[in-house]
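Look at the protein below, and keep the view open while you read.

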Amino acid sequence: MTMNWDGVLPAITTPFTADGDVDHAFLARHARWMIDAGCTGIVALGSLGESATLSAQEKLAALRTLVDALDGRAPVVAGIAALSTDEAVELARAAVQVGCAGLMVLPPYVYSTDWREMGAHASAVIAATRAPCMLYNNPIAYRTDFRPEHVAELAHAHDNLAAIKESSADVRRIAAIRHRLGDRLRILVGVDDVLVEGVQAGATGWVAGLVNALPHESVALLRLALAGRDNPSARAEADALYRWFLPLLELDTVPKFVQLIKLVQARLGQGDERVRAPRLVLEGAERAAALELIDNALAHRPRTPATMPRQDATNA
């Protein structure tokens, strides 16, 4: 199917059963629920998806579940990360074979050096298939920084590099990429708490984290932020929603972001807190502080059209 890089693409969490296995039934329901809320695709096997803790077999099984669950309604994008380039290339090809419409290309796990080596790794993965690819730049987490000049070099070398998930948290990067490439790449914000600023700089999509718990609000925020470029009224609405959402969005930017986002999901009845070791669920004062923040935000949750109670037709 055609890959659409615009809109909200959830970086979907990986649910686990009480026995520690991937919960495929919930994974499928969760993906469909977010697409029903207006998301335009699903990004699997990212950092939030605890990809580094999954075996190759588990990764492909999760991708199959998502492709089958969405059944052509929306594309599945596979996160491609591994210790070695050969392993990443193999995963990229396997992901396309199971039906993924796009690939998110990460730098290698653990090893990070200079552009010559990191660029060669990214190029090998992008060239492994003809599937449209999104480069993932997250120097904070992966210690590899794909700078705007590097992004331009990859874009000129690979026709199927179609987008970039920019997670440096420096919105100047978005302007710098657009300066070099114009509209050649779709630019997606990859850090939840700079969404509005990123859209103002030129981003058209959002690979989002808190969307796993709050998809309607996430879709509304991006829509209003995009409209707010030219419409002061929409910008005011976006700012108001952003002010409410920001304490929750900031949970996406700390080391225990996986545990925290799953905790928000659990609080809203959309998943479980379970994570895979070495991560552990939050407990004690740390969990209590997180719940206080979450519950305070939810107590003041705005009524976007999708979250308002349905009215009976006779009372509408």
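A pocket is found on a 1 Å grid over the protein atoms alone: it is an open set of points where a 1.4 Å probe fits, with protein on both sides within 12 Å along at least five of seven lines, while a cavity is a set from which the probe cannot get out; lining residues have an atom within 4 Å of a point. Grid points are joined across faces, edges and corners, and a volume is the space filled by probe spheres set on the points. Rolling a probe the size of a water molecule over the atoms shows where empty space is left.

This is a predicted model, in which local features need pLDDT of at least 70, side-chain atom pairs count only at pLDDT 80 or more, and totals for chains, interfaces and linings use all residues. Residues are numbered from 1 along each chain as its sequence is written, and side-chain values use heavy atoms, with hydrogens and water left out.

Helices (H or I, at least four residues) and strands (E, at least two) are DSSP runs, numbered from the N terminus. H3 gives the most to the lining of the second largest pocket, four residues.

The lining of the second largest pocket has nine nonpolar, two polar and three charged residues. Here Ala, Val, Leu, Ile, Met, Phe, Trp, Tyr, Cys and Pro count as nonpolar, Asp, Glu, Lys and Arg as charged, and the others, Gly among them, as polar.

How much space lies in the largest pocket? The value is about 590 Å³. The largest pocket is lined by 28 residues; nearest its centre lie Ser 47, Tyr 136, Asn 138, Ala 141 and Phe 257. Helix H5 (139–142) and strand S8 (205–208) each give two or more residues to this lining. The largest share, three residues, comes from H5. By class, the lining of the largest pocket has 15 nonpolar, nine polar and four charged residues.

**Helix pairs**

Axes are lines fitted to C-alpha atoms, for helices over the stretch in contact, and angles run from 0 to 180 degrees between N-to-C directions. A crossing is left-handed if the near helix is turned anticlockwise from the far one by less than a right angle, and right-handed if clockwise.

| Pair | Angle | Axes | Crossing |
|---|---|---|---|
| H1 and H2 | about 45° | 9 Å apart | right-handed |
| H3 and H4 | roughly 25° | within 8 Å | right-handed |
| H9 and H10 | about 140° | 9 Å apart | left-handed |

Angles under 35 degrees count as roughly parallel, over 145 as roughly antiparallel, 65 to 115 as roughly perpendicular and the rest as oblique. H1 and H2 are therefore oblique to each other. Contact means heavy atoms within 4.5 Å. On the H1 side, the contact with H2 includes His 24, Leu 27 and Ile 35. The H2 side includes Ala 61, Thr 65 and Leu 70. This contact of H1 with H2 has nine nonpolar residues, two polar and one charged.

H3 and H4 cross at roughly 25°. H3 is therefore roughly parallel to H4. Thr 85, Ala 88, Val 89 and Ala 92 of H3 meet His 121, Ala 124 and Val 125 of H4. Five of these residues are nonpolar, two are polar and none is charged.

H9 and H10 pack at about 140°. H9 is therefore oblique to H10. Among the residues in contact are Leu 221 and Leu 224 of H9, with Trp 244 and Phe 245 of H10. By class, the contact has twelve nonpolar, one polar and two charged residues.

**Two spots in loops**

A cis peptide bond, with omega about 20°, joins Ala 277 and Pro 278. Pro 278 sits in the loop between helix H11 (257–267) and helix H12 (284–299). Val 110 is not a glycine, yet it has a positive phi of about 75°. Val 110 lies in the loop between strand S4 (102–105) and helix H4 (115–127).
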